[in-house]
Amino acid sequence: MTLLTTVFAAIISTVIWYKNAPQSQMKVGILCWMYWGASLMWFIDAVFEYAEIHEEYFTPTPADMLNDLYLGLSVVALGMIIWLVILLVKDPKGVVRATLFKKKTE
């Protein structure tokens with residue numbers, strides 16, 4: 001489930017990035033790289049786990065599937081948090097800068 005969750009996140013973020021490819025204002029490419037990297041990591045993990053336990057790999061217990069789903073969602077959420085921090089620090093549209101240095105008109 002971790003692999004499946006991160007692959008779906010990678011595909012969705014890649015489609016969003018590709019739709020807005022010429023303008024990279026929202027830095028979605030960074031999100032794509034993080035999710036594809038996580039997907040590659042979980043794929044390698046799945047290969048090694050399959051090599052270790054063979055056909056038992058395809059019959060996980062419901063508790064294992066739920067734990068893997070929580071872990072996958074946690075990875076996706078952490079990727080979103082990192083992306084948001086990068087986005088706020090880079091501030092491509094100048095929104096944070098304008099809000100911080102806005103003069104009060106009274």
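## A walk through the helices

Start at P62, which sits in helix α3, residues 62-90 (helices are DSSP runs of H or I, at least four residues, numbered from the N terminus). This is a predicted model, where local features need pLDDT of at least 70 and side-chain atom pairs count only at pLDDT 80 or more, while totals for chains, interfaces and linings use all residues. Residues are numbered from 1 along each chain as its sequence is written, and side-chain values use heavy atoms, leaving out hydrogens and water.

P62 has a relative accessible area of 67%, so it is exposed (buried is under 20%, exposed over 50%, partly exposed in between, with a 1.4 Å probe and protein chains only). Go 15 residues along in sequence to A77, and the C-alpha to C-alpha distance from P62 is 22 Å.

Now for how the helices pack. Two packed helices are described by the angle between their axes and the distance between the axes. Helix α1 (residues 2-19) and helix α2 (residues 28-53) have axes that come within 8 Å and cross at roughly 155°; axes are lines fitted to C-alpha atoms over the stretch in contact, and angles run from 0 to 180 degrees between N-to-C directions. Residues of α1 including L3, V7, I11 and W17 meet residues of α2, among them L31, Y35, W42 and F43, where contact means heavy atoms within 4.5 Å. By class, the contact of α1 with α2 has 15 nonpolar, six polar and no charged residues. Here Ala, Val, Leu, Ile, Met, Phe, Trp, Tyr, Cys and Pro count as nonpolar, Asp, Glu, Lys and Arg as charged, and the others, Gly among them, as polar.

Back to α3: α1 packs against α3 at about 30°, with the axes 7 Å apart, so α1 and α3 are roughly parallel. On the α1 side the contact uses T2, T5, T6 and A9, and on the α3 side residues including D68, L69 and V76. The contact of α1 with α3 divides into six nonpolar, four polar and one charged.

Last, the aromatic rings. Rings of Phe, Tyr and Trp (its six-membered ring) pair if their centres lie within 6.5 Å; planes under 30 degrees apart count as stacked, over 60 as edge-to-face and the rest as tilted. That gives four aromatic pairs. W17 and Y18 have ring centres 6.3 Å apart and planes at 55°, so this pair is tilted. W17 is partly exposed at 34% relative accessibility, and Y18 is exposed at 61%. Y57 and F58, with centres 5.3 Å apart and planes at 85°, are edge-to-face. Y50, Y57 and F58 form one aromatic cluster.

Notes
Helices (H or I, at least four residues) and strands (E, at least two) are DSSP runs, numbered from the N terminus. Angles under 35 degrees count as roughly parallel, over 145 as roughly antiparallel, 65 to 115 as roughly perpendicular and the rest as oblique.
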